Amino acid sequence: MNANVHVIDHPLVQHKLSLMRNKEASTNSFRRLLNELAMLMAYEVTRDMPMQEVEIETPLEKTRTKVIDGKKLVFVSILRAGTGILDGMLSVVPGARVGHIGLYRDPKTLTAVEYYFKMPDKMNERDVVVVDPMLATGNSAVAAVDRLKELGPKSIKFVCLLTCPEGVAAMNKAHPDVPVYTAAIDRQLNEHGYILPGLGDAGDRIFGTK
Ligand SMILES: O=P(O)(O)OC[C@H]1O[C@H](OP(=O)(O)OP(=O)(O)O)[C@H](O)[C@@H]1O
Ligand SMILES: O=c1cc[nH]c(=O)[nH]1
Ligand SMILES: [Mg+2]
């Protein structure tokens, strides 16, 4: 697939994802694994983050050194399942700003329905990382990025745990400029829009709602 997608195939990422796929994983371990995976994925996604030089004083002398400007970075979580990734990302970049988009999939049409939208100010000065564990039909991700582009951010990346060829194709068609970072591209969608083999309903598994 010649697409704007990065598969993070590090053994630690793949190992934890395998544990999450198991239907016997408890809510507790599913949530903990997602948190750990998000930290590992943050490492990859922030690889090209801009840095600035500052002067500090070590116990021995003054020196110039580099730091990231976390405030310029916004993590945008697609509710509700995005919360699971957001927590892990924030433990690695605690200074980042946070936005929320509330979206749910209409179970019949699989279109995304928006119920909440709250972003930090001055979005045109910020780099955005949108997080949601699942990129299935792509309707939610495309709708989220459509809304964010109205605010003119400097850049947008999309991070998910799992996707499928249909989801990548939908995102690349609607937003070819937005790279997708994922731990795996699974085989296909089923007739209800679920990823196969997948891991089931991410929101329900994170929050124990089924
Ligand atoms: O690519 P799509 O076909 O749009 O599917 C992906 C969306 O489905 C899930 O959310 P869901 O609608 O189940 O909402 P929830 O997070 O509140 O459970 C998931 O977290 C994505 O947001
Ligand atoms: O497989 C899927 C598809 C959409 N949303 C989920 O939570 N899981
Ligand atoms: Mg759900």
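Predicted model: local features only at pLDDT ≥ 70, side-chain atom pairs only at ≥ 80, totals over all residues.
## The seven-stranded sheet

Seven strands make up an open sheet of mixed pairing, in the order E1-E11-E9-E7-E4-E5-E6. Its edges are formed by strand E1 (5–7) and strand E6 (112–118), each of which pairs on one side only, and the twist from one strand to the next averages 20°.

Within this sheet, strand E4 (residues 73–79) runs parallel to E5 and is joined to E5 by six bridges; valine 76, for instance, has glycine 99 in E5 as its bridge partner. Helix H3 (residues 82–92) packs on the sheet, where the helix touches E4, E5, strand E7 (127–131) and strand E9 (155–159), and the direction of H3 makes about 155° with that of E4.

Strand E10 (residues 162–163) and E12 run parallel and are joined by two bridges, and leucine 162 has alanine 184 in E12 as its bridge partner.

## The shell around ligand 1

Around ligand 1 there are 23 residues, of which Ala81, Ala136, Thr137, Ser140 and Gly203 come nearest. Sorted by class, the shell comprises 12 nonpolar, seven polar and four charged residues.

At least two residues of this shell are supplied by each of strand E5 (97–105), E8, helix H4 (139–149) and helix H6 (202–207).

Technical notes:
Residues numbered from 1 in each chain as written. Chains lettered and ligands numbered in written order. Pairing = 2+ DSSP bridges. Helix = DSSP H or I, 4+ residues; strand = E, 2+ residues; numbered from the N terminus. Near = placed C-beta within 6 Å. Nonpolar A, V, L, I, M, F, W, Y, C, P; charged D, E, K, R; others polar. Axes fitted to C-alpha atoms, helices over the stretch in contact; angles between N-to-C directions. Contact = placed C-beta atoms within 7 Å.
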